[in-house]
Amino acid sequence: MRLFRARRQTVHNRGKEVITASVIGSLLQDASNSEEIDSVVLLLMSILQADTHLGASTVHRLWRRWLEQGNVAIYRNVGATRVTSARVDRRILRQAVAAPQATCTAILQHVKDTLDHSISTRTISRRLVANGLHSCRPLRRLPLTPPNRRQRLEWCRARSTWMTEWHRVVFSDESRFCLSSDSRRVRVWRRRGERFNPQQLWNAPPCDNVESWFGAQSRVLDRLRFLPIKKMDQRTCIKFCVKNEIKCADAFRMLTVAYGEATLDRSNVYRWYKMFSEGREDVNDEERAGRPSTSTTDEKINEVEKMILANRRITVREVAEDLNISIGSCHSIFINDLGITRVAAKFVTKLLNCDQKQHRMNIANEMLDSVRDDLNLLQRVITGDEAWVYGYDVETKAQSSQWKLPHEPRPKKARQVRSNVKVLLTVFFGCRGVVHHEFLPQGRTVNKEYYLQVMRNLREAICQKRRDLWKNKNWLLHHDNASAHTSLLVRDFLAKTTH
């Protein structure tokens, strides 16, 4: 409804534009110069502003179109051609109504023989939505017959006034449980308001995986545990009978009625009944020794650990072949027994020894103390560094990807290497951006004479771009300890230079 109102308002505004353009054209045809045109436009704007809400640019545009074409016709958008006919749309609708659980793919396969052009499942969905059918999850219910519903209703009405009587009731029932589910992905095509339509309801699928029998009283209803093995279910039932002081013969009779041929034999039922009577609580079998493990032993674990410590890059396959054990057992020793994982080495710029690390730590502590004493210290620091700039960067795999049709071969590209054309860039920057940069000329090297000239150029750049630092004479230069940077010539220049 909002979309319809918006479209109607747009058509109404376009009608106002047509009328306004006609008025503008008739008034502006006699205008001789731009001043008269502007005066007429301003007059029209003051009259029509409250009704049409047209701007000055719209008025000029409509007037030009009136003079050039003689009309202000609305250009309709052509759009894509509709590939499905009305007959195909009706067939799609009939298929969805006849089979509400059918998917768009199934409907497309059903109507494919009547199509002249191939369409997508999205087109099927749009046609159904246009006819009022939406894909929704169905309302689920138990598959009850009318006599079942009538009996349940009579039973509930007869006990609708019970309050304390429920404390003396013990419930018992047999039920089957599904170990797998459809994850509620089943959907149906239906119109609005048809949620409770009998044709749109979804009956719970029959399940025959696990069958369980239980009984419980309203005040002592406890959490039940259902195991996917019928033997475990019967042991639970035997334990329940022991707790409720039901005789073993009666318990065996009840199990025979519930499980039929799958019931445990009489000797097992009596044996478990006796164990539960003696105080046993666990329904699972006790752990047995079984076949001894020949792979996961203390000797094998120690050998694996020694091999890993000797070669950190050794693979699981290599260890398994050397020790003559399976790859699965070797992997289990790695993860479960030793608790080790394989990780990639961390990339660092340079490997430092202990003395270098300690020296950097001392310098970092000194800089932190300086920053605490002077909060504006970092704003006065000018940092300099050099870097190689290449003529081009190697194209990545994502950048070289391109679109291709199914019948076209896969594109190929040759192996690329870094550009041989490169130049050394020297840049100086501060907290507010780049202060000065220079490219090393071809045929020259970074020596003390070249770096001295760079220092002079940096001094002039600071004077022009950082006048506050130049005026206060408190800027600091931070660069590495390269041979050209620490030469006597450069140090003398920096010591004599006051700025």
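Okay, quick note on method before anything else: accessible areas here come from Shrake-Rupley with a 1.4 Å probe, and for residues only the protein chains shown count as cover. On that basis, the protein chain has an accessible surface of about 37500 Å², and carbon and sulfur atoms hold 53% of that.

Now the caveats. This is a predicted model, where local features need pLDDT of at least 70, side-chain atom pairs count only at pLDDT 80 or more, and totals for chains, interfaces and linings use all residues. Numbering runs from 1 along each chain as its sequence is written, and side-chain values use heavy atoms, with hydrogens and water left out.

So, the overall picture. We've got 17 helices and 10 strands in the protein chain; those are DSSP runs numbered from the N terminus, helices being H or I with at least four residues and strands E with at least two. Of the 499 residues, 26% are buried. Buried means under 20% relative accessible area, exposed means over 50%, and partly exposed is in between, again with a 1.4 Å probe and protein chains only. As for contacts (heavy atoms within 4.5 Å), take those with a separation of 6 or more: 64% of them join residues 24 or more positions apart.

Let's zoom in on Ser125, in helix H6, residues 121-130. Is Ser125 buried or exposed? Buried, because its relative accessibility is 16%. Leaving out residues up to four places away in sequence, Ser125 touches Cys104 and Trp189.

Over to the surface. Asp298, Glu299, Glu303 and Asp337 gather there in a patch of negative charge. For patches, residues need over 30% relative accessible area and no salt bridge, with like charges joined within 9 Å and nonpolar side chains (Val, Leu, Ile, Met, Phe, Trp, Tyr) within 5 Å. A salt bridge is a side-chain nitrogen of Lys or Arg within 4 Å of a carboxyl oxygen of Asp or Glu. Which helix gives the most to the patch? That's H11, residues 298-310, with three residues. Glu299 sits in H11 and is exposed, at 54% relative accessible area.

Last thing, backbone angles. Most residues other than glycine have a negative phi. Glu245, though, has a positive phi, near 60°. Glu245 is in the loop between helix H8 (230-243) and helix H9 (248-259), and counts as exposed at 72%. Asn324 also has a positive phi near 60°; its loop runs between helix H12 (316-323) and helix H13 (327-337). Asn324 is exposed too, with 71% relative accessibility.

Conventions
Lys and Arg count as positive and Asp and Glu as negative; His and the chain ends are not counted. The place of a charge is taken as NZ of Lys, CZ of Arg, CG of Asp or CD of Glu.
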